[in-house]
Amino acid sequence: MRTVKRYPTTTGDSWLEMSSYKNCQFLDPKEIKENYDYVIVGGGYGGYGVADRLAELHPEAKIAIFEAIKIGNGDSGKNAGFIIDVPHNFGDQGNTTFEENEMYYHLNTSIINRLQKNIEDSGIDVDWDHCGKYLCCANEKSYKMMEEEARDLDKMKVEYKIYEGEELARRTGTHYYKKALYTPGTLLVNPADVLRGLFTVMPKNVEVYENVPVMRVDEGSQATIYLLNGKRVTANVCIITAGPFMEEFGVCKRIFCPVLSYGAFTRQFTDREMHTFEGVKPWGCTSGHPAGTTVRLTRDNRIFVRNGFTYGTSRTTSHQRIRWAIGKLRRAFEARWPELKHVNFEYVYGGMINMTFNFRPFMIRHSSSVYCSASGEGAGVCKTALCGHYLAEWISGIQSDELRFLQKISTPKHLPPEPFTTIGATIRLMWEEFRAGNEI
Ligand SMILES: Cc1cc2nc3c(=O)[nH]c(=O)nc-3n(C[C@H](O)[C@H](O)[C@H](O)COP(=O)(O)OP(=O)(O)OC[C@H]3O[C@@H](n4cnc5c(N)ncnc54)[C@H](O)[C@@H]3O)c2cc1C
């Protein structure tokens, strides 16, 4: 296949800075062996999903994971930390049938339960909170999305509540929002903390290596994996879960259109500043418009905001772009909490939402020795973990309705040729941000 030209980089600081697992050590690359049964490229939630299930199905197998940067510094550790059970508006809105949404709900809850069980059984202490999620609207024009979601939840018989006025302000510590739909099944987590914590307690037959970029994967009766550090290993099967970098390996072409988005954390509030949040528990909301601002009050007393979209043509963000994003992030924070506008941001970063053109996942058997998987949408943590989980079953010859469903919907559309994609995506993202108005 192809030699990788672009590698992931770390730009900006994020959840990893607040993780108690930040400095834990994985294996020394000197320990890398020449041969494995399974090699997984990428240590995000997708890679975790594959490794977790393969290790369970094949306790005798030798399994290695190679992650290019520090685990938790990739997009799996740089998202907004919503592990969402219900089908989510961003990305897949209007693109899935009711039956598909029902199946997603079933699959999402089953993978959430599995992650929860792994956390409980291993005894790791990670930032994982069952506080549910608000879909918040600052503007009556945005009620449409909330009403559509409520209708689907009614049909699926999933519990939710509507809050507005003073009750909503008491729950969020701001009068900015007019109305919200609350679903209790979403978890709010520090995604880097959970991911890193889970990787530290992998079974003994799984070797985890970070800061070990993979340069090339060649297929054959066995896969040959060339590492950037000069080592070469072979594996019966190599599974590529490289997120937005999937195409770099030559396993597909013009499938992914990564969208950059930006996040910021305030410093921790003082006791006095926390009076604004008197009686308010940690909470989080996605916006009533797909291009609006995501907000969280974290367990360690910070506000997190995420907004801004740009098309990630070069699959990387930069310090300049992050600086540009700060203005919009600050406006969102200060509009919601004008009394706290003196509070600075401690960490700011940019990440890549790994979209496909039609928001469908990418889950393929490229050859007998190479498989690939990626989620293809904005709310990708659950989906990529479950694609990884069922990919491990596929490789192991286990058939199920769940696997058949994922195989059936794994139909990402090809992107139009350049320059149409870049121009089209840029205009569409700008238009969506304009339409989002004060939801940003
Ligand atoms: C700002 C932002 C907010 C988001 N918020 C949410 C949210 O709240 N909830 C949600 O569900 N989803 C959210 N997402 C999406 C979510 O983060 C992704 O869907 C998820 O991280 C995809 O996981 P993955 O494992 O498939 O890919 P990734 O997380 O991208 O993991 C792939 C890994 O492969 C590694 N890799 C790539 N190339 C190589 C190589 N050559 N060698 C070795 N390793 C390599 C990368 O370093 C990376 O760590 C958000 C995304 C962003 C950017």
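The model is a predicted one, in which local features need pLDDT of at least 70 and side-chain atom pairs count only at pLDDT 80 or more, while totals for chains, interfaces and linings use all residues. Residues are numbered from 1 along each chain as its sequence is written.

The ligand is surrounded by 45 residues, a residue being counted as near if its C-beta atom, placed from the backbone, lies within 6 Å; the closest are Gly42, Gly44, Gly74, Gly243 and Gly380. Two or more residues of this shell are given by each of α1 (45-57), β13 (259-266), β17 (345-353) and α7 (380-395), where helices (H or I, at least four residues) and strands (E, at least two) are DSSP runs numbered from the N terminus. The largest share, 4 residues, comes from α7.

An open sheet of 8 strands runs in the order β6-β7-β5-β14-β15-β16-β13-β17 with mixed pairing, two strands being paired if DSSP finds at least two bridges between them. Because β6 (161-164) and β17 stand at the edges with a single partner strand each, one side of each is left without a neighbour in the sheet. Within the sheet, β13 and β16 (residues 303-311) pair in the antiparallel sense over 6 bridges, and Phe265 stands opposite Phe304 in β16. Helix α6 (residues 319-336) packs on the sheet, touching β13, β15 (294-297), β16 and β17, with contact taken as C-beta atoms, placed from the backbone, within 7 Å. The direction of α6 makes about 135° with that of β16, axes being lines fitted to C-alpha atoms, for helices over the stretch in contact, and angles running from 0 to 180 degrees between N-to-C directions.

Conventions
Contact = placed C-beta atoms within 7 Å.
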